[in-house]
Amino acid sequence: MNLAELELPHDPKLSLHYVQLYDQQVNGRQSEPLQARALRLRSQAHAALGNYQTAYELGEQYHAIQEPLNRRQEQQRIEVALAELEHEHTQALARIQRDALRDARAEVAELHAHLETRVAQRTHELQTANEELRAFARSVSHYLRTPMQLILGHATMLGLLPPEQQSRSTDVIVESTERMAEVLDGLLAYATRDAVPLEVADVNLTDTVQSAWDDQVSAGTSVSLEVGTLPTVRGDSAALRVVFGNLLHNAVKFTGAQHCPQVQVMARPVPGGTEIEVRDNGVGFDPRDSTRLFGAFTRLPTVTRFEGLGLGLADVWRIVIAHGGHVRAEGRPGVGASFFVTLPLGGEADASLPESAQTPA
């Protein structure tokens with residue numbers, strides 16, 4: 001058959017001879033594709049020799065066999081193409097599933113890490129709240145036990161004393177009751193302080209410090225106040241009055257026994273705001289206790305002789321942090337103490353408080 005195809009363009013008769021030899025060899029046992037091939041070669045050879053009628057008849061026989069073959073080949077090509085498409089679809093689906101699974105695992109891992117962080121944060125917050133609650137309970141027990149014992153003791157003695165001595169016991173009962181009311185008011189004010197939202201505006205610190213000072217000192221006080229140039233800050237006027245009221249109250253309380261008691265308030269610029277220093281020349285404190293001062297119900301051994309609940313500086317801390325600021329303390333025993341409050345400056349377009357600091361923590 002190959003020789004017949006090679007000779008067809010040059011010698012059609014020789015090509016026909018080779019086809020006849022092939023037919024004799026296979027003796028009708030060739031497959032349909034080979035049979036169609038032989039008919040095509042014979043048709044083309046007769047056409048080349050001018051035997052058009054014979055070429056036409058052989059061509060019809062060729063088409064009768066070849067057309068079904070072509071249809072079957074086309075069907076096979078379609079089936080192969082469909083199989084390839086199905087394979088590609090399966091691979092694409094598997095790839096999508098792998099990518100989706102990888103993304104899902106990454107998202108789950110991220111959520112898990114976020115959840116662990118939130119759990120750790122909430123656990124820390126709950127531990128802090130529990131510690132403060134325990135301190136609150138200890139404080140209530142400590143500050144109310146003494147006046148209650150006095151009230152109970154003098155009330156028991158009241159009926160046993162002669163009338164002329166009952167007045168003293170009555171005075172003690174009244175004073176102890178007033179002390180209990182003062183303690184309860186202080187504890188209640190501290191417990192509800194964080195329920196009051198901040199009303200942010202520009203605050204004139206000079207006026208705020210002067211108002212806080214007027215609240216703390218009496219007409220006969222010997223403590224002098226020196227106020228430097230103070231800037232306008234961004235914050236809640238009432239809350240900042242509480243801050244400087246507590247700082248000035250402590251300064252007055254702890255300098256009262258000094259020969260020349262003095263309190264100074266000054267400010268200096270710092271990155272992102274201003275730092276206000278409240279300095280006194282009072283009893284001071286051990287520098288190692290500087291971080292303990294701002295805990296609720298914390299009272300250092302060196303100041304236990306002074307009245308107080310240990311809540312003022314805790315209030316200062318909470319309010320300043322709510323303003324997006326910072327507070328720290330420095331001191332030396334017998335020399336004095338300085339409290340530094342950092343606040344955002346006012347009068348600027350971008351001087352608003354962060355969203356997380358809109359309510360005291």
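The legends below describe close-up views of a predicted model.

Local features are given where pLDDT is at least 70, side-chain atom pairs count only at pLDDT 80 or more, and totals for chains, interfaces and linings use all residues. Residues are numbered from 1 along each chain as its sequence is written, and side-chain values use heavy atoms, with hydrogens and water left out.

**View 1. Overall content of the protein.** The protein has eight helices and seven strands. These elements are DSSP runs numbered from the N terminus, with helices being H or I of at least four residues and strands being E of at least two. Of the 361 residues, 33% count as buried; buried means under 20% relative accessible area, exposed over 50%, and partly exposed in between, with a 1.4 Å probe and protein chains only. Among contacts in the protein with a separation of 6 or more, 69% are between residues 24 or more positions apart. Contact here means heavy atoms within 4.5 Å.

**View 2. Packing of helix α2 on helix α3.** Two packed helices are described by the angle between their axes and the distance between the axes. The axes of α2 (residues 12–26) and α3 (residues 32–49) come within 9 Å and cross at roughly 155°. Axes are lines fitted to C-alpha atoms, for helices over the stretch in contact, and angles run from 0 to 180 degrees between N-to-C directions. α2 and α3 are therefore roughly antiparallel to each other; angles under 35 degrees count as roughly parallel, over 145 as roughly antiparallel, 65 to 115 as roughly perpendicular and the rest as oblique. Their crossing is left-handed, a term used if the near helix is turned anticlockwise from the far one by less than a right angle, with right-handed used if clockwise. On the α2 side the contact is made by Pro-12, Lys-13, Leu-16, Val-19, Tyr-22 and Asp-23, and the residues they meet in α3 include Leu-34, Ala-38, Leu-41 and Arg-42. This contact of α2 with α3 divides into ten nonpolar, one polar and three charged residues. The classes are nonpolar for Ala, Val, Leu, Ile, Met, Phe, Trp, Tyr, Cys and Pro, charged for Asp, Glu, Lys and Arg, and polar for the others, Gly among them.

**View 3. Helix α7 between two helix contacts.** Helix α6 (residues 205–216) and helix α7 (residues 237–255) have axes that come within 8 Å and cross at roughly 50°. The two are therefore oblique to each other, and α6 passes α7 in a right-handed crossing. Residues of α6 in this contact include Leu-205, Val-209 and Trp-213, and those of α7 include Leu-240, Phe-244 and Leu-248. By class, the contact of α6 with α7 has eight nonpolar, six polar and two charged residues. α7 also packs with helix α8 (residues 312–322), at an angle of about 145° and with the axes 9 Å apart. Here α7 passes α8 in a left-handed crossing. Ala-239, Val-242, Val-243, Asn-246, Leu-247 and Asn-250 in α7 meet α8 residues including Leu-313, Val-316 and Ile-319. The contact of α7 with α8 comprises eight nonpolar, three polar and one charged residue.

**View 4. The five-stranded sheet.** Strands of a sheet pair through backbone hydrogen bonds, either parallel or antiparallel. Five strands form an open sheet of mixed pairing, in the order β2-β4-β5-β7-β6; two strands pair if DSSP finds at least two bridges between them. β2 and β6 (326–332) stand at the edges with a single partner strand each, so one side of each is left without a neighbour in the sheet. From one strand to the next, the twist averages 15°. β2 (residues 224–227) and β4 (residues 262–270) pair in the parallel sense over four bridges. Ser-224 has Gln-262 as its bridge partner in β4, and Glu-226 stands opposite Gln-264.

View 5. β4 and β5 (residues 273–280) run antiparallel and are joined by eight bridges. Val-270 has Gly-273 as its bridge partner in β5. The hairpin has two residues between its strands, and Gly-272 in the turn has a positive phi of about 85°. α6 lies across β2, β4 and β5, running at about 175° to β2. α7 lies across β2, β4, β5 and β7 (336–343), at about 25° to β5.

View 6. Phe-254 lies in helix α7 and is buried, with a relative accessible area of 17%. Its C-alpha atom is separated by 8.6 Å from that of Gly-336, 82 residues apart along the chain. Ala-201 is found in strand β1 (residues 201–204) and is partly exposed, with a relative accessible area of 33%. Leaving aside neighbours within four places in sequence, Ala-201 is in contact with Val-233, Arg-234 and Gly-235.
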